[in-house]
Each structure stands twice: as structure tokens, then as C-alpha cells.
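Here is a guided walk through one protein model. Keep the structure in view as you read.

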Amino acid sequence: MNQTEASGPGRRALFVAGVAASALAMSRPREAAAQPQAAVWQPILLRGAYILSMDPAIGDLPQGDILVQDGVIRAVAASIPAPEGALVIEAAGRIALPGMVNGHIHLAQSMQRGLSTEHAFGGYFQTIVLRHSNRMRPADVQLADHAGGLEQIAAGVTTVMDWSRETMSPDHADAALAGLDAAGIRAVLAYTAPPIPQGGDAAAIHGRMIAHARSLLAARAEGLVRIWTCLQGPDFTPLQPALADMRRLAELGVPIAIHTGASIYPNRKPGLLRLLDAQGLLNERLQIVHANGHEPDEYKLAAERGVMLCSTPEVEMRMGHGHPAMFQAAAAGMRVSVGTDIPSMVGGGLLPQLRVALAAELHRINLAALAAGHGVPATPPVTARQMLEFATIGGARGLGLDRVTGSLTPGKRADLLLVRADQPLTAPRSDPAGLVLLQASAGEIETVLVDGRFRKRDGRLVDPGAEAVFTRLQARAEEMAAAASR
């Protein structure tokens, strides 16, 4: 890529505090990349790319320019004059599109990568959750979130929803935020309820968490990293305590994420979404994850209430959750995102998930057509562009961030990618959307901007400490695996 310069507490009460306890470190400045890149807020002009804007008002531009100033997309057009002092990136032979949104990932499991290769659901919980996640120190969480954020950036993901069961204390929460900040990725940190140790002083823990929570909520309503919370939810715990947790959080106005609707869940409750609606808990601040087996009318009800849904196709199909619900939910009008779920089993960003989901859905449609005595559809009813929408503008809607990111729209923050379309895996460029979805890999994702800052450039991460991060990750992962085996 050529570049030029142009001129009383019980556990649930404690949990409410813990939810909020997560925005402090977000106010800390991120590390500046030592590798050469545009000066802070120097205008950047991407020139001559094929643009997949994901904005219907702009559409696709076979050859177009994108102007970024002050971290914001200022203009998208066929030709834009370079402002004085701009960094001009010659992007011919590249496809520009919005950064992808990973709607659900347990990011701290980046330290356990590969340990769930042979796991079913039970083995995953016994090994990863009980022998690793519960033993992670704050420094481990910071390291794993930093490394996991870098992996996502390398794969073209500019926003993650980190469902962090490892935030077991204020120190763990601060560490997770520090890791996300260091990676330079846009994120939602979903903070969990920490357990009260046997014999622990619940009142003291509660007071510390409340104080921390207040400071975090006061510090962060906006910004690169935002705060949600995550709960085990009614499909994992007895109903009344789960509902009590959700009500307390609802009073704070903090978005809640819960796993629901999979047949493998130990306490799955039929009609759960109708039950939550009757309790006033089905609303636009709720994200349901997986949600494979709800009744058809429940997806419609959830859509009417503004509920978000995230599918993680590969893990769901491997572990027995069921067929990905993303297509049924989207057809019902829900806001839908796609996630990778557990780094201990799968990785590589969102493109592999989109391919798995597309193949699974077309397989389902084809089997149904054949069973009914019809031929398979001559034209597949799900397109590459629709799949990319799930990962970009749809993913942003699925986290309530569509006014911030998800499309190359002037006024939004500059989260965007350049994908090489002239490489062995991607040439020739015939169908740009299909090329990105079905042909490209992380290696063809040449440039990643998050909030107008280069995070990957010329095919390499710009974080000068990335190599050291992954070296430390390897060493600590080996230590934890040895301890977990004893």
C-alpha cells in the first residue's frame, strides 16, 4: 500500500455493585504506537478503494475516497481533495468496509486458547470455567484481554462485547479495562457478579464494590469502552434469584446479557422470554446470547420489546446448543449480532463464523426443500452482503452502537478496514462482498482503523509491544495449565 504526505448486602446486592464496577480504567489514555503512523488527529485520506459502505444512502463505490479527521469519518465520495497536511493512503486494489463487531466473546479465555478443542459443554465448564477462569489473577485478565483484543483487531474486528466472567473483583475489572485500553479496541465490557468466598465478609465486599461501581459509572457513559453486565440468568439458576438480580440491575439502567434457550442448559425454562416480559424485563437493554430454542412467537415478542440477540454459530453447532437462531430472530425483526464465543475453542475473528452460519442456514433450507419434494432454490435466499451486514451495521445495532460504528457513514467514528483484493486468495475481484466473506482471511486484512487510529497497518499490528504480550501469554498459559492439572 503506497502512502504519501499531502500538505446489607447479600450476593445479589453485591452483584449490582459488581455490574457497575467497570469503567474506571476506560478513562486512562491508551498506549501510543511507537511504529510510524499518522500523528494524533492528522487527517487521513484513503484514496481509490472499492467501498462497501453498508449505508444504503451511500451504497457501494467501485472507486472512492474516505476522509477521516479527528477520529470521525468526514466524507465518503468518488473523489475527495486531500486536506492540507493529510496522510494519503493509496488504496487501489483494496476493498474498504466498516470494522466488524464481535457481539459475544469471553475475551480472557485467550489465555486458554486450544484447551477446548475436544470439549463438549460439560468438559468446557469443568476445565475452563472451574479450573482456569476462577483462578485468574487481575494481571492474567489484563494480559489475556490485551492479547485477545489484538487478535480480534488482526482479524478485522474493531468492536468486541467481552462477556467477562473473570471480573471477580474491582481489581479484576480494572485489569480487564486496562487490557482493552492497551489493545486499542472499541469494546463493551460485561461485568459479572463475583462470588462471595466461604466465610467472606459480605458487607465489606459489598461496600468496596459499591464505591468502585459509583466511580466507574460516573467516569464512563461514553467512550471507546462501555459497561454492561452479564448474568448466569434463569436458564442456569433458580428462577426467583435470577429475576431478582435482573430487577436490581434494571433499576440502574445497565444493559444485561444472559445466555438463554439452549437445550443443553441445566435449568432451561420453556417460555422464558414470555416470562421475562411479564416481569417487565424484556426490553432494549437486554441481550440474549445463543437463544437457539425459543418459541417462534417469542422472537417476535423480543423484537417488539427491542431485545438484542447474539449468535455464535460454530460453538453452538459443535456443543449442541442448536441451529443458529440469528436468521429466525432477524426475520422476526430483532437486532442481531454474531460472536465467536470461547477462544478456548475457536478463533480467527468473525469471517469463519459468518461462513459457518451461511453454510448451516443454506443446508437447512435445502434439506427442507428436498423433503417437501422441491428442488433446492436456484438462487440462495441468503446473500454474502446480508452476512456482512450481520457483522457490521447489524452487529453495531445488536450492541446499541449503530450511531457510533457499523457503516462508513459521515459523522460516525472511523472504525474501518482495507482488505487486499489482489492477493493469491482474493484476485480477481469479481464480487467484492463475496470476496470478503468467502475468500479473504486475516492475512488479506491489511489496514484496521479504530476510532481513527491505525491498529493494523501494512498487514501488521502497530502495537510495539505485541510480541512481548504473546510471549508473556504463552508463559503464563503454561503455568496455569500445569496448576489446573494438579
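Predicted model: local features only at pLDDT ≥ 70, side-chain atom pairs only at ≥ 80, totals over all residues.

The crossing in which H11 passes H12 is right-handed. On the H11 side, the contact is made by Leu354, Ala357 and Leu358. H12 supplies Met387, Leu388, Phe390 and Ala391. By residue class, the contact of H11 with H12 has seven nonpolar residues, no polar and no charged.

Helix H3 covers residues 138-154, and helix H15 covers residues 466-484. Their axes come within 10 Å and cross at roughly 130 degrees. H3 is therefore oblique to H15. Here the crossing is left-handed. H3 brings Asp140, Leu143, Ala144, His146, Ala147 and Leu150 to the contact. From H15 come Ala466, Val469, Phe470, Arg472, Leu473, Arg476 and Met480. The contact of H3 with H15 divides into nine nonpolar residues, one polar and three charged.

The largest nonpolar core holds 87 residues. Leu276, Met334 and Met387 have the most contacts inside this core. What does Leu276 touch, leaving aside its neighbours within four places in sequence? Its partners are Pro234, Leu243, Met246, Ile258, Leu281, Leu282 and Leu286. There is also a second, separate core, of 20 residues. Among its members are Ile51, Leu61, Val68 and Phe454.

Is Asp451 buried or exposed? Its relative accessible area is 11%. The cut-off for buried is under 20%, so Asp451 is buried. Which residues surround Asp451, beyond its neighbours within four places in sequence? Asp451 is in contact with Trp41, Gly71, Arg186, Leu224, Arg413, Ala414 and Asp415. Asp451 and Ile185 are 266 residues apart along the chain, yet their C-alpha atoms are separated by 8.5 Å.

How values were computed. Residues numbered from 1 in each chain as written. Heavy atoms only, no water. Core = buried A, V, L, I, M, F, W, Y, C linked by side-chain atoms within 4.5 Å. Buried < 20%, exposed > 50% of the residue type's maximum accessible area, 1.4 Å probe, protein only. Contact = heavy atoms within 4.5 Å. Left-handed = near helix turned anticlockwise from the far one by under 90°. Helix = DSSP H or I, 4+ residues; strand = E, 2+ residues; numbered from the N terminus. Nonpolar A, V, L, I, M, F, W, Y, C, P; charged D, E, K, R; others polar. Axes fitted to C-alpha atoms, helices over the stretch in contact; angles between N-to-C directions. Parallel < 35°, antiparallel > 145°, perpendicular 65-115°, else oblique.
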